[in-house]
Amino acid sequence: MLKRLLILLLMFSIIITVLACSKNDGTPKTNPTNISGAEDGEEDSYSARRNAKDDLPERDFEGYDFTVYLRVETGTNQDFVAETETGDIINDAVFARNMAVSERFNVNIKFNFDTTQNTTYTTTAVNAILADEDVNDVLGLHGAFAFVYAKQSYVVDWKTDLLYINLDKPWWDHDFAENLAIANRLFAMTGDISHLSIGATFCMVFNKNLFDKYVLEYPYKSVIDGTWTFDKFAQIVKDSSIDLNGDGQQTPGEDLYGFTTGSWGAPIQAFYMAGDRIITLDSDGVPSLTVYNERTINIFEKFFDLADNYNFYIDGYSPAYTGGSMFRNDLCMIAHASMGSLVSLRDMESDIGIIPFPKFNEIVDKYPSLVDAGQNIFSVPVTARDLDRTSIILEAFAAEGYRNVVPTFYEQALQVKYARDDDSAAMLDIIRDNRIFDYGYFDATISWDLSYTGFRLVNHPSHDFASFYAAYEKQAETNLANLYEQYLEVN
């Protein structure tokens, strides 16, 4: 009864917060997010989410300890770990989600934390599987390593083995399910079970004060009109080379730059500007290596010409999500960011705007935004004895995430707290709606180099994509053929 009371109180507080955040001097603001597509008088997006049905059966699991295996790092375990209410709206929403699932199905949510940081194949999760120990019900794994488990038959197929998972529901990421199912076998999944998945989406931020100072038009209208292209972005960068200290050269931290990123950032996202993927699956789940074509050659030529010859700073390996000190100190017009990193700019003195990465040209239909692999994606070990129970709890977690956690993270935290105007909030909708997943990026065992082509080309002589690709094509094709055969043979 106490748990149920706490849940009701917390849900009530979330609803009140949403309503309060929609006010501005007593006047309702237009909510740029319209998940349900509701017109005036119809069910609004918040209500549509809160009232979404999951169609799960009533079950009592008699106090079973449902155990989630997670990386020990605080930044990657926040999808599930919320031991108590703290006043932080995201933590409290996760806490309420966990309590709701626990109360509904009479389970206790427990955690096993990885002791090897889960960045290599040899982990405590693998050791438990090899020992046939039923100690983990679900594995929260680093996206770049999760598929090694699949190829070794250590995890089950979400499509065939998890009876109560409904991948057609809106709380599962359909792009992930469609593009990471080699041989139509899906051994990992994500969606609204993970608000960190949304946070891992690449985007850009721009300094509105500098745009005003140098009389540049905000990119918002271009985004809406479908004309926010690489060429338009490049022109802003080229026009923003200003030697502020007058010494005749550009120096990071002293002069104005048009754009800043880390080598693990915009160089990787650049490949996706035209909607290409490193690996593309046909309708039967047969993979093809599609990283190389005339379009991608052109993309990298233009990208590195801009990086090498104009006012564009690449800050070593660091992702430089939000541009570091250069962006904060008004020495950079535009910076690479991720949706989750926007919180770090909350106290920035200058006003900022949020936009998607540009598309390559106007022929491209949308603004493809890569989702980084550093997030959690979820697999179920073959040692989990009761897969019906596991699938019920996972579906409940995802559905509750859809109903409450993700709206709290996205609408309240991002759109209200961190996005400083309605235009930026609308941009977040566009970024979120155009998130893409790429098996070639997530499973780097096919080719560690081609999976991260832009990152590798930063330090490659002349940034020549054609010669770079030629050096790795044969091995990647061989690995890809072997991968498909492995998937066909997985139990």
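Trainee: In which sense do strand β3 and strand β5 pair?
Mentor: This is a predicted model, and in it β3 covers residues 64-70 while β5 covers residues 138-142. The two strands are joined over 2 bridges. The sense of their pairing is parallel.

Trainee: Which residue is the bridge partner of Y69 in β5?
Mentor: Strands of a sheet pair through backbone hydrogen bonds, either parallel or antiparallel. The pairing of β3 with β5 is of the parallel kind. Within β5, the bridge partner of Y69 is L139.

Trainee: In what order do the 4 strands of the open sheet stand?
Mentor: The sheet is open and its pairing is mixed. Its edge strands are β4 (107-113) and β14 (376-379), since each of these pairs on one side only. From one strand to the next, the twist averages 25°. Read across, the order is β4-β3-β5-β14.

Trainee: What angle does the direction of helix α15 make with that of β3?
Mentor: Helix α15 spans residues 387-418 and packs on the sheet. The strands touched by α15 are β3, β4 and β5. Between the direction of α15 and that of β3, the angle is about 65°.

Trainee: Is H142 buried or exposed?
Mentor: H142 lies in strand β5. A polar atom of the H142 side chain is 3.0 Å from the backbone nitrogen of A144. The relative accessible area of H142 is 16%, and the limit for the term is under 20%, so H142 counts as buried.

Trainee: How many salt bridges are there?
Mentor: Side chains of opposite charge can pair when their charged atoms come close. The cut-off here is a side-chain nitrogen of Lys or Arg within 4 Å of a carboxyl oxygen of Asp or Glu. By this rule, the number of salt bridges is 19.

Trainee: How many residues apart are K208 and D351?
Mentor: K208 and D351 form a salt bridge, with their closest N and O atoms 3.8 Å apart. The pair links distant parts of the chain, with K208 in helix α9 (residues 208-213) and D351 in the loop between β11 (332-338) and β12 (352-355). K208 is buried at 8% relative accessibility, whereas D351 is partly exposed at 27%.

Trainee: What is the distance between the closest N and O atoms of D231 and K302?
Mentor: D231 sits in helix α11 (residues 230-238) and K302 in helix α13 (residues 294-309), 71 residues apart. D231 is partly exposed at 43% relative accessibility, and K302 is partly exposed at 26%. The two form a salt bridge whose closest N and O atoms are apart by 2.5 Å.

Trainee: Is D347 buried or exposed?
Mentor: D347 meets R328 in a salt bridge at 3.3 Å, N to O. D347 is in the loop between β11 and β12, and R328 is in helix α14 (residues 324-328), 19 residues away. R328 counts as partly exposed at 33% relative accessibility. With a relative accessible area of 62%, D347 is exposed.

Trainee: Which residues of α13 are buried?
Mentor: α13 has 16 residues and reaches 22 Å from its first C-alpha to its last, close to the 22 Å expected. At its start, a side-chain oxygen of N293 comes to within 2.9 Å of the backbone nitrogen of R295. The buried residues pack against α11, α12 (266-271), β10 (312-314), α18 (453-457) and α19 (465-489). They are T296, I297, I299, F300, F303, F304, L306 and A307.

Trainee: What is the phi of E62?
Mentor: E62 lies in the loop between α2 (45-50) and β3. E62 is exposed, with a relative accessible area of 71%. Although E62 is not a glycine, its phi is positive, at about 55°.

Trainee: Where is the place of D132?
Mentor: D132 is not a glycine, yet has a positive phi of about 55°. With a relative accessible area of 48%, D132 is partly exposed. Its place is the loop between α5 (124-130) and β5.

Definitions and conventions:
Residues numbered from 1 in each chain as written. Predicted model: local features only at pLDDT ≥ 70, side-chain atom pairs only at ≥ 80, totals over all residues. Heavy atoms only, no water. Buried < 20%, exposed > 50% of the residue type's maximum accessible area, 1.4 Å probe, protein only. Pairing = 2+ DSSP bridges. Axes fitted to C-alpha atoms, helices over the stretch in contact; angles between N-to-C directions. Contact = heavy atoms within 4.5 Å. Expected span 1.5 Å × (residues − 1). Polar contact = N/O pair within 3.5 Å; in protein donor to acceptor, adjacent residues only side chain to side chain.
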